[in-house]
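Here is a short tour of one structure, taking a sheet, its covering helix, the domains and a helix pair in turn. Have your viewer ready and follow along.

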Amino acid sequence: MIEVQDLTKAYGSVTAVDHISFTVHEGEILGFLGPNGAGKTTTMRILTGYMPATSGAARVAGFDVSNESLEVRRNIGYLPETPPLYPDMSVETYLDFVARIKNVPPEKRRERVSDALEKARITDKRTELIKRLSRGYKQRVGLAQALVHDPRVIILDEPTVGLDPKQIIEVRHLIKGLAGSHTIILSTHILPEVSMTCDRVVIINKGKIAAVDTPRNLTAQLKGGQKIRVEARAPEKQLQELLARIPGVNRVQIEGARADGGVTATVESAPGQDVRSQIAAKVVEKGWGLYELRGVSLSLEDIFLELTTEDSADATPPN
Amino acid sequence: MRGFYAVYRKEMGQYFVSPIAYVVVGVFLFLSAYLFNFFVNEAIRQALQMEAQSMRYGMPPDIDMPSEVMRAFFSSLWWFILFITPMLTMGVYAEERKRGTMELLMTSPITETQVVLGKFLASLTLFAIMLLPTVSYLIFLLLHSDPMPPWRVLLGGYAGVFLLGASLLALGAFLSSLTENQIIAALLSFAGAFGLLLLYMGARDASSTTGQVLQYISPIGHYEDFTRGIVDTSSLIYYASFIFLFVFLTVRSVDSMRWRRA
């Protein structure tokens, strides 16, 4: 549905997007993850026909974004970072206007507008002036605007920014409900959002793609090994020595002792080896109290930090 | 076509929900009515004076007072137009850019030309609505004059006002597309309109070829002909070219927003 080939965008001497390629299949939700200024918005703007690429090609719904811009725009619903709203219009008037410029045929307009109101759950606010709405409602009007012409492709730039936790859950729900009948790209710098809503993730940093995969695979693939958290009532030094001597253990990190004598350690083991039973046996053998023993899977946060900081020393930390 | 109409409709709606349209139209009507009243009184005073003089010296001079009033009215009207058109156009693009709604327009399946024409014709419609009530003053004048002055003075005058207004609206819209700031857009439009006026004033008394050329370039010189009821083809072509040029430049300017770093 969306194919991006070697796309590059340079602003003068600054390269915002640097030869990126990826594809999005029909009905899929693709997450665009990266720190601020990574090139997410620029990529989205190129896909929506808002700005031209410096080089490379992109096709949306079978149309080329530079040569068949109008066709592409007909098939895309786009929510920019700041929702493009006219404060003096009522919600309904605004959506009617958007439906008109998106070429919705007159006989279908009413139906499409009320459908979009319904989906964004703002039917009760339809006669309200946009300037009187709260931040969360404005965001939802922006979302309704992207849906009003029932586009095949929906592009959402940070759709949950500025919403309260309850609204965030609602919006994620809405987005998940759109998948299947629509192809969706959404950008975010919030990690849990990606693992919760997206089928696949593109991690982008400094204009380059760092990784493309499903959230689960990314978690699994990055570290073949496992992290184990051990909490025991034991002398710090001795616990470290004991754990390090267990075969298959690569690294032991003591994270701190508590006043009651409890010590927490993180053990990294070699791929394919489960050392948990051995740790349990050894600790108990010594007569130390074992409080906790559990496997820790790497969170997307860890992967993200690793991918976006490893390639160069001066990499900007994600905020 | 549908896109053009959607933009036009939206612009008209925005003019009338915002206080700007009401304030601008209200102020214009107040000032133009005052001006008209002033010219009529002045004409009556002059007529009485001349009548008194003719009693002393005989031979009353033959002056078409109603036409004089109309001409004076029209040739002062452009002062207001100069100040009012920038108010109507300052926001058309600057506001859209500032609010981020330009991104919506430019990612919708409509062309830049449709956007620009929709906005231009909406501002022109508002301008025409603003002028409409002033027609009643002149009709009142015509009906109470004996003999009735020719209609062409009235029609020519309005054709001139309308074309001059359209030119300044096209210029103002173009200048608005260059900035995100409404105030800057308004000031640029004032400066632009004022520059055209100076061009005319400076060249008015010059008899050299340069003077004539400068006078031709300024839309105000062409306007003077219309106030005498003369509709010259070359003036019509001049205004059409002026409007076309700035509408075209606006389309290019809107298109170029894609290439700037937003």
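This is a predicted model: local features need pLDDT of at least 70, side-chain atom pairs count only at pLDDT 80 or more; totals for chains, interfaces and linings use all residues.

## Strands and bridges

Strand β4 (residues 55-60) of chain A is joined to β5(A) by 2 bridges, and the two strands run antiparallel. If you look at A:R59, you will find its bridge partner in β5(A) to be A:D64.

Zooming out, these strands belong to an open sheet of 4 strands in chain A, with the order β2-β1-β4-β5 and antiparallel pairing. Its edge strands are β2 (14-24) and β5 (63-64) of chain A, each of which pairs on one side only.

## A helix across the sheet

Helix α1 (residues 40-47) of chain A lies across β1 (2-11), β2 and β4 of chain A. Relative to β1(A), helix α1 runs at about 120°.

## Domains of chain A

Chain A is divided into domain 1 (2-220) and domain 2 (224-297). Between the C-alpha centres of these two domains of chain A the distance is 45 Å.

## A helix pair in chain B

Now over to chain B, where helix α7 (residues 151-176) packs against helix α11 (residues 233-256) at an angle of about 20°, their axes 8 Å apart. Because of that angle, α7(B) is roughly parallel to α11(B). The crossing of α7(B) and α11(B) is left-handed.

Which residues make the contact? On the α7(B) side they include B:L163, B:A166 and B:F174, while α11(B) contributes, among others, B:Y239, B:F242 and B:S253. By class, the contact of α7(B) with α11(B) has 12 nonpolar and 3 polar residues, with no charged ones.

Key. Residues are numbered from 1 along each chain as its sequence is written. Chains are lettered from A and ligands numbered from 1 in the order in which they are written. Two strands pair if DSSP finds at least two bridges between them. Two residues are in contact if their C-beta atoms, placed from the backbone, lie within 7 Å. Axes are lines fitted to C-alpha atoms, for helices over the stretch in contact, and angles run from 0 to 180 degrees between N-to-C directions. Domain bounds come from an automatic or database domain assignment. Angles under 35 degrees count as roughly parallel, over 145 as roughly antiparallel, 65 to 115 as roughly perpendicular and the rest as oblique. A crossing is left-handed if the near helix is turned anticlockwise from the far one by less than a right angle, and right-handed if clockwise. Ala, Val, Leu, Ile, Met, Phe, Trp, Tyr, Cys and Pro count as nonpolar, Asp, Glu, Lys and Arg as charged, and the others, Gly among them, as polar.
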